Structure formats: C-alpha cells, structure tokens
Amino acid sequence: MDGATLRVEDLARTAEVSVDTVRFYQKRRLLAPPVRRGRIAWYGTEHAERLARIKDLQQRGFSLAVIRRLLDGELDAADAPLAAAVADAAVAGDVADGWITLDEVARRAGVPASLLGVVVQAGILVPAQVDGQERYRPADADLVRGGLALLEAGFPLPDLLSLAGRHDVATHAIAEDAVRLFDEHVRAPLRAADLPDDERAERLVMAFNSLLPTITTLVAHHFRRVLLEVAQDHLEQVGEPEEIAAAAAEPGWGAA
C-alpha cells in the first residue's frame, strides 16, 4: 500500500468519523490493518474509500456483519439485493429522520435516562450501530411515551418489563419461523432455479416486499383479535354489569 500517507487522526477527519470508530471497524474486520513504519500506523485512500462505503451501507440499515460480507464479496449476486431490501425495510424513514442518542430519547419522552437503561437491558429498546456508536430512532421516544402511559394507568414497572420481555421472546420465535419458511419455500427454490442472477434477485426482492406487509398485518390483526377475546372473556367472568355494557358499546367489541 504505497499510498499510505494518512495517520489515523487524518483518516478519521477525512471520513468524518472518530478515531475510536476507525479502530472499532478494524477490530470487526471491516477495515484492513494499516501499514506500519516504525511505531507509526499509516492509512491510504483505500481505507478512506472503504470507510465511506461502510458509512453509506450502515446508514441504509445494513448490519456490520452483512456489510463485511458485502464488501468482501461473500454475498452472491442474488442475495445482495435481498439484503438491501431487508435493510431498507428495517430503517424505513430512519435515514430521513436521523439517529439520536439514548439521552435524546429520554429528553423527548420526558423520562430519566437511567430508566431507559433498564428498558434497553430488557430488550424493549434496541439500539442500532451507527459509526460504531449506539443510536436510536426518533420513533423510539413514542414507544417510551406509550410505556409511560401504561405506567400512569397503574401498570407496575417490573410487571410491564416482564410482559415486554416475554413478548420479545415470543415474537423472535415467530419471526425466526417466518424467516425459515421464506428461506425454505421462496429463497431456496429461486436460488436453485435456472435463471439469470439479476432475474433471480429481482424475484427474491419482489417476494420479500410483498410478503413482509402481509405477514405483519396478519400477526398484528391476530394479536389484536386474541387480546380482545381474552379481555372479553375475563370481563364476562369478573366484570360488573355496567362494565360489560360499557365495553359492549365500544366499536369492534365482540367482533372477532
């Protein structure tokens, strides 16, 4: 690497990232090690170009593991566009809205940052890695405000966190099954089909983009219906006549 003329501080400034971010990417094998001349580490234009590419892919929502595979050529021509479609769906609106810190989430939601640390540990708030730093979506503040409304309604915090944790575990299990089914019954047959790479990739992306909203709607609708059914059954067992009558007057009550 004869053009290695940048110190780590110069590279970080050129790429508009921190020195810690450069070193973080090196540890994750996203960035090649520098050339060492004596005790000084030198970087070149290849490092700067690679950093720019990493930033672009990360802002589009790619995980660091997928970014490494993309940059190293480990994803084939059919899977790379599918990975892009998944990333685009995961961060829809995030690039335009920007990323915020946990302290900013706390400020917007009007809660102490220390409380949000507990929420993050419970897996309710999930940070994204942006330039080696944990960042959150502006919509996460709305999620926190919703949880705060439940607390104000009388939900005990430990019980609410426990409920959210169990929901997270169950949701991950269902999501893993859905991904497995897509892989077995959509992706694998298309990868085995005698098709050009670009057509195979296009069909994969079309299938993902059409099935994602369908599955999301089905799951959300089913959960709402089951929740109302359970609430109705419970209220019919323990509720006062006035409570049952008031609930029955609500739109959608009893209509599964």
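The largest nonpolar core of this predicted model has 23 residues, and those with the most contacts inside it are Leu11, Val22, Tyr25, Tyr43, Leu51, Phe62 and Ile67; a nonpolar core is here a set of buried Ala, Val, Leu, Ile, Met, Phe, Trp, Tyr and Cys residues joined through side-chain atoms within 4.5 Å. The elements that give two or more residues to this core are helix 1 (8-15), helix 2 (19-27), helix 3 (45-59), helix 4 (64-71) and helix 5. A second, separate core of 12 residues includes Ala109, Val119, Leu125 and Tyr136.

Because the model is predicted, local features need pLDDT of at least 70 and side-chain atom pairs count only at pLDDT 80 or more, whereas totals for chains, interfaces and linings use all residues. Residues are numbered from 1 along each chain as its sequence is written, and side-chain values use heavy atoms, with hydrogens and water left out.

**Overall make-up**

- The secondary structure of the chain comes to 12 helices and four strands, where helices (H or I, at least four residues) and strands (E, at least two) are DSSP runs numbered from the N terminus.
- Of the 256 residues in the chain, 28% are buried, a class that means under 20% relative accessible area, with exposed meaning over 50% and partly exposed lying in between (1.4 Å probe, protein chains only).
- Among the contacts in the chain with a separation of 6 or more, 59% are accounted for by residues 24 or more positions apart, contact being defined as heavy atoms within 4.5 Å.

**Helix 5 against helix 11**

- The axes of helix 5 (residues 79-90) and helix 11 (residues 197-238) come within 8 Å and cross at roughly 25 degrees, which makes helix 5 roughly parallel to helix 11.
- Axes are lines fitted to C-alpha atoms, for helices over the stretch in contact, and angles run from 0 to 180 degrees between N-to-C directions; those under 35 degrees count as roughly parallel, over 145 as roughly antiparallel, 65 to 115 as roughly perpendicular and the rest as oblique.
- The contact is made by Asp79, Pro81, Leu82, Ala85, Val86 and Ala89 of helix 5, together with Ala201, Leu204, Val205, Phe208, Asn209 and Leu212 of helix 11.
- By class, the residues of the contact of helix 5 with helix 11 divide into 10 nonpolar, one polar and one charged, counting Ala, Val, Leu, Ile, Met, Phe, Trp, Tyr, Cys and Pro as nonpolar, Asp, Glu, Lys and Arg as charged, and the others, Gly among them, as polar.

**Helix 10 against helix 11**

- Helix 10 (residues 157-192) packs on helix 11 at an angle of about 160 degrees, with their axes 9 Å apart, and the two helices are therefore roughly antiparallel to each other.
- Phe182, Val186, Arg187, Leu190 and Arg191 of helix 10 make the contact with Arg200, Arg203, Leu204, Ala207, Phe208 and Leu211 of helix 11.
- The contact of helix 10 with helix 11 has seven nonpolar, no polar and four charged residues.

**Individual residues**

- Glutamate 16, found in the loop between helix 1 and helix 2, has a phi near 60 degrees, a positive value in a residue other than glycine, and is exposed, with a relative accessible area of 65%.
- Arginine 29, in the loop between helix 2 and strand 1 (35-37), likewise has a phi near 60 degrees and counts as exposed at 56% relative accessibility.
- Arginine 13 lies in helix 1 and counts as exposed at 56% relative accessibility; arginine 13 and alanine 48 are 35 residues apart in sequence and 10.0 Å apart in space, C-alpha to C-alpha.
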